[in-house]
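I opened my notebook to work through one structure, piece by piece. Here is what I looked up, in the order I took it.

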Amino acid sequence: MQKVLHIADLCHHREQLCESLDPAVKQLGGTITHALNIVDRLQGADKVLRGRGITPLSLARIDAEFFHVASQRGCITRATTWMIVDYIRDPFTTMKKFLFETPSFLKDSLASDDEKIAARARLCVSEDLYKLKAG
């Protein structure tokens, strides 16, 4: 069995490594032993990886303090900082609130010329990811 190192730009809560890549590597006779990410967004993927026997490694970890420092340095507004910090604490509730308060965002995303943005918006609507229909 060949040992495999997975390298990616981001490590976040929807760790696709475990959902699709790990089984494919196993089918080819390998096993992912380590996952090196440039940035870990600290959304729990490290726990998922460890639970599968994969050691997570990251060059940088982005947490709420990172955004507070960015705000203090004038890189982002306080309002943006608090929205991000709220998102870090509770992504589902923060996004649902944002979409209700900014209905043009989803409408504009659905009409976007960028197919990736439009596809994500369609998925959001078709799967009702933030339970917008339920209110």
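**Entry 1: strand partners.** I began with L10. Its bridge partner in strand 2 is V39. This is a predicted model, so I am reading a prediction here. Strand 1 covers residues 2-11 and strand 2 covers residues 30-40. They pair in the parallel sense, over nine bridges.

Entry 2: I moved on to strand 3, residues 55-61. Strand 2 and strand 3 are also joined in the parallel sense, over six bridges. I noted two partners. N37 has S58 as its bridge partner in strand 3. D40 has R61 in strand 3.

Entry 3: In what order do the three strands lie in the open sheet? I found 1-2-3, with parallel pairing. Strand 1 and strand 3 are the edge strands, since each pairs on one side only. Neighbouring strands are turned by 20° against each other on average, with direction ignored.

**Entry 4: the crossover.** I followed the chain from strand 2 to strand 3. Helix 2, residues 45-51, belongs with these two strands. Together, strand 2, helix 2 and strand 3 make a right-handed β-α-β unit.

**Entry 5: one glycine.** I picked out G30, which is found in strand 2. Is G30 buried or exposed? Its relative accessibility is 5%, so G30 counts as buried, the cut-off being under 20%. I then looked for what touches G30. Leaving aside neighbours within four places in sequence, G30 is in contact with M1, Q2 and V25. I also checked K3. G30 and K3 are 27 residues apart along the chain, and their C-alpha atoms are separated by 5.8 Å.

**Entry 6: two helices side by side.** I turned to helix 3 (residues 64-72) and helix 4 (residues 78-89). Their axes come within 9 Å and cross at roughly 180°. Angles over 145 degrees count as roughly antiparallel, and helix 3 and helix 4 are therefore roughly antiparallel to each other. Which residues make the contact? From helix 3 I listed A64, F67, H68 and S71. From helix 4 I listed R78, T81, W82, I84, V85 and I88.

**Entry 7: aromatic pairs.** How many aromatic pairs does the structure hold? I found three. I looked at F66 and F67. Their ring centres are 5.1 Å apart and their planes stand at 85°, so this pair is edge-to-face. F66 counts as partly exposed because its relative accessibility is 42%. F67 counts as buried because its value is 16%. Next came F98 and F105. Their ring centres are 5.1 Å apart and the planes are at 70°, so this pair is edge-to-face. F105 is partly exposed, with a relative accessible area of 39%.

Technical notes: Residues are numbered from 1 along each chain as its sequence is written. This is a predicted model: local features need pLDDT of at least 70, side-chain atom pairs count only at pLDDT 80 or more; totals for chains, interfaces and linings use all residues. Side-chain values use heavy atoms; hydrogens and water are left out. Rings of Phe, Tyr and Trp (its six-membered ring) pair if their centres lie within 6.5 Å; planes under 30 degrees apart count as stacked, over 60 as edge-to-face and the rest as tilted. Buried means under 20% relative accessible area, exposed over 50%, partly exposed in between (1.4 Å probe, protein chains only). Two strands pair if DSSP finds at least two bridges between them. Helices (H or I, at least four residues) and strands (E, at least two) are DSSP runs, numbered from the N terminus. A crossover is right-handed if, with the strands pointing away from the viewer, the path from the first strand over the helix to the second runs clockwise. Axes are lines fitted to C-alpha atoms, for helices over the stretch in contact, and angles run from 0 to 180 degrees between N-to-C directions. Angles under 35 degrees count as roughly parallel, over 145 as roughly antiparallel, 65 to 115 as roughly perpendicular and the rest as oblique. Contact means heavy atoms within 4.5 Å.
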